[in-house]
Amino acid sequence: MSQDTVIGIIGGHGWMGQSLGTALLERNVVPADQLVVSSRSGKGEAYRDWPKVRCVKDNRELAALADVIVLSVRPQDLGSIDIEAGDNLVISLLAMASSQEISNKVGSNRVVRAMPNAAAEIRRAYFPWHASQQVSEADKQLVQALLESCGTARELPTERDLDYLTALSGAGPAYPALLAQSMLEHAKSMGLPHDIALEAVMQTLVGGSLLLEKIGTDPGDMVERLISYNGTTAKGLQTMIDGGIHQAIHRGLDAAHRAARGSR
Ligand SMILES: NC(=O)c1ccc[n+]([C@@H]2O[C@H](COP(=O)([O-])OP(=O)(O)OC[C@H]3O[C@@H](n4cnc5c(N)ncnc54)[C@H](OP(=O)(O)O)[C@@H]3O)[C@@H](O)[C@H]2O)c1
């Protein structure tokens, strides 16, 4: 990244915009005086959490200041973005909107689509991205450096893959939360006090995930190993599998994927 590259985040006070902006500062990827953020509602001054960051209400002002523009508004607000990005690099975090739609909207062909998730807040996001043809190798290196401030960033070979991962990794805590909710309901129905049930569920999910990450094993191998172990867990796993847990998860991911793909 050239030393004076200015990054502009449209929607920079929102959940994802703020996570990315604060990660860029925290990791010293971008100095505060080279970051500019916008939102429609107020905060048109230096934002209290980021004292030296320039905050504007006018997206055209942001576009004039920034070399790289990050779009971090909700998909339904894309219509309200009225900028001319010229030939600047544009990184869209929007679910559902294709690179072509973004390009048509902002007027630049140098478009990257990236899909964050809520774990960006704790710098543990999985942040896949896909670049359109006009994006250079130097641009790609810059995108990777910016996005990996939030966790793990990964370039994808096709935009189709990004639509798929919108449904999977873009969901962030959603699917673990569903599993946790179900386990918590069950533990409480068995008479455990709420606090202990919650602690047990969270420590099991977090500890189990960290262990899987550390040993790097295929999750299917772990399931097989525990079924072969033939203890109490095997009974639980086999009953869940026989009850159609895989099919339910696959149907859920299919539905989210259809929504992410829209009419494409
Ligand atoms: N949150 C997630 O877990 C998640 C996961 C994957 C992908 N994403 C994607 O990330 C994008 C941002 O989502 P989010 O969760 O961060 O949404 P959010 O918290 O609602 O933030 C969006 C921000 O955009 C601002 N905004 C809306 N229209 C604007 C405009 N015309 N000009 C300037 N600012 C504008 C809003 O502020 P004002 O209303 O004050 O303008 C708000 O601060 C979405 O497209 C979503 O698909 C989010």
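In which helix does Gly 17 lie? In this predicted model, Gly 17 belongs to helix H1, which spans residues 15–26. The residue is buried, because 22 other C-beta atoms lie within 10 Å and 20 or more are required for that assignment. When neighbours within four places in sequence are left aside, the contacts of Gly 17 are with Ile 9, Gly 11, Gly 12, Val 37 and Ser 72. By contrast, the C-alpha atom of Gln 133, 116 residues away along the chain, is separated from that of Gly 17 by 25 Å.

The strands form an open sheet of eight, arranged in the order E3-E2-E1-E4-E5-E6-E7-E8 and with mixed pairing. From one strand to the next, the twist averages 20°. Strand E4 (residues 68–71) and strand E5 (residues 89–92) run parallel and are joined by four bridges, and Ile 69 has Val 90 as its bridge partner in E5. Helix H1 packs on this sheet, where it touches strand E1 (7–10), strand E2 (35–38) and E4, and its direction makes about 165° with that of E2. Helix H5 (residues 159–168) also packs on the sheet, touching strand E6 (111–114) and strand E7 (125–131), with a direction at about 155° to that of E7.

The largest nonpolar core comprises 50 residues, of which Ile 69, Val 70, Leu 71 and Val 90 touch the most other members. Beyond neighbours within four places in sequence, Val 90 is in contact with several residues, among them Ile 69, Leu 71, Ala 85, Ile 102 and Val 106.

Note on methods. Residues numbered from 1 in each chain as written. Predicted model: local features only at pLDDT ≥ 70, side-chain atom pairs only at ≥ 80, totals over all residues. Core = buried A, V, L, I, M, F, W, Y, C linked by C-beta atoms within 7 Å. Buried ≥ 20, exposed ≤ 12 C-beta atoms within 10 Å, placed from the backbone. Contact = placed C-beta atoms within 7 Å. Helix = DSSP H or I, 4+ residues; strand = E, 2+ residues; numbered from the N terminus. Pairing = 2+ DSSP bridges. Axes fitted to C-alpha atoms, helices over the stretch in contact; angles between N-to-C directions.
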